[in-house]
Amino acid sequence: MKYLRLIPALLLGAMLTACNTTKKLYEAQEYDQVIQRVAPDICDGDLNAKQINYVAASYHKANQADHERIQALKASGQPDVWPEIYQRYCSMKGRNDALKCFPTKVKNGMNYVKLDLDEDMTIARNKAEAYLVAKANQLLDSGSKEDAVEAEKYVKQLSRTNKENSNLPLLQKKMLLLSCDHVEIVVVGKDERPLL
């Protein structure tokens, strides 16, 4: 009988902790974490008003911050801003997709409007890829081992941006050749035996 009284108390404690954690994340301006934590519950039908308010405020504040940062980056006119712009568009799309499954009355209550970011994301991704390829090639063309190590950062970022980029294989080969101390080449004859 004691254990039956303990279960509701534990559930109440867990609910208060969950609210507190969401509130703490919101106050710490960890808006994406608030959305990731609460949105699945709302999609499953848990329509807790406080949680919905945290998600709505987080959604709007995070998107506003990303939009303002994107505008500032574009205004700079620098080519190195495009990878960050693309990542910010990806974040906005991720938030948008997380709220897609909300009930219509919740969406209306929080002034949710589906964002159409596909064209902006395509443009940003193309410009980000062009910058990353150019920067990696510039570093690799120097022939320096230190620059090859630096180029690896750009090649990895290019891979995360688009795994299918046609420049990746060549950049990875160049990077590998420049970062090695020595290269051993084995030539295989027609009978599949190595020629020394």
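Close-up 1. Let's start with tyrosine 131, which counts as buried because its relative accessibility is 17%, under the 20% cut-off. Tyrosine 154 is buried too, with a relative accessible area of 12%. In this predicted model, the two ring centres sit 6.3 Å apart and the planes meet at 80 degrees, so tyrosine 131 and tyrosine 154 make an edge-to-face pair. Tyrosine 131 belongs to helix H6 and tyrosine 154 to helix H7 (residues 145-161), so this pair links distant parts of the chain, 23 residues apart.

**Close-up 2. A tilted pair, tyrosine 59 with tyrosine 112.** The structure holds 4 aromatic pairs. One of them joins tyrosine 59 and tyrosine 112, tilted at 45 degrees between the planes and 5.7 Å from centre to centre. Tyrosine 59 comes from helix H3 (residues 49-76), while tyrosine 112 sits in the loop between helix H5 (104-109) and helix H6 (118-141), so the pair ties together parts 53 residues apart in sequence. Both tyrosine 59 and tyrosine 112 are buried.

**Close-up 3. A tyrosine cluster.** Here, ring pairs connect Tyr26, Tyr31 and Tyr54 into a cluster.

**Close-up 4. The largest nonpolar core, seen around valine 55.** This core has 19 residues, and the members touching the most others are Ile42, Val55, Leu99, Phe102 and Met110. Helix H1 (2-27), helix H2 (31-43) and H3 each give two or more residues to the core. Setting aside neighbours within four places in sequence, valine 55 is in contact with Val34, Ile35, Val38, Ala39, Ile42, Leu99 and Phe102.

Key:
Residues are numbered from 1 along each chain as its sequence is written. This is a predicted model: local features need pLDDT of at least 70, side-chain atom pairs count only at pLDDT 80 or more; totals for chains, interfaces and linings use all residues. Side-chain values use heavy atoms; hydrogens and water are left out. Rings of Phe, Tyr and Trp (its six-membered ring) pair if their centres lie within 6.5 Å; planes under 30 degrees apart count as stacked, over 60 as edge-to-face and the rest as tilted. Helices (H or I, at least four residues) and strands (E, at least two) are DSSP runs, numbered from the N terminus. Buried means under 20% relative accessible area, exposed over 50%, partly exposed in between (1.4 Å probe, protein chains only). A nonpolar core is a set of buried Ala, Val, Leu, Ile, Met, Phe, Trp, Tyr and Cys residues joined through side-chain atoms within 4.5 Å. Contact means heavy atoms within 4.5 Å.
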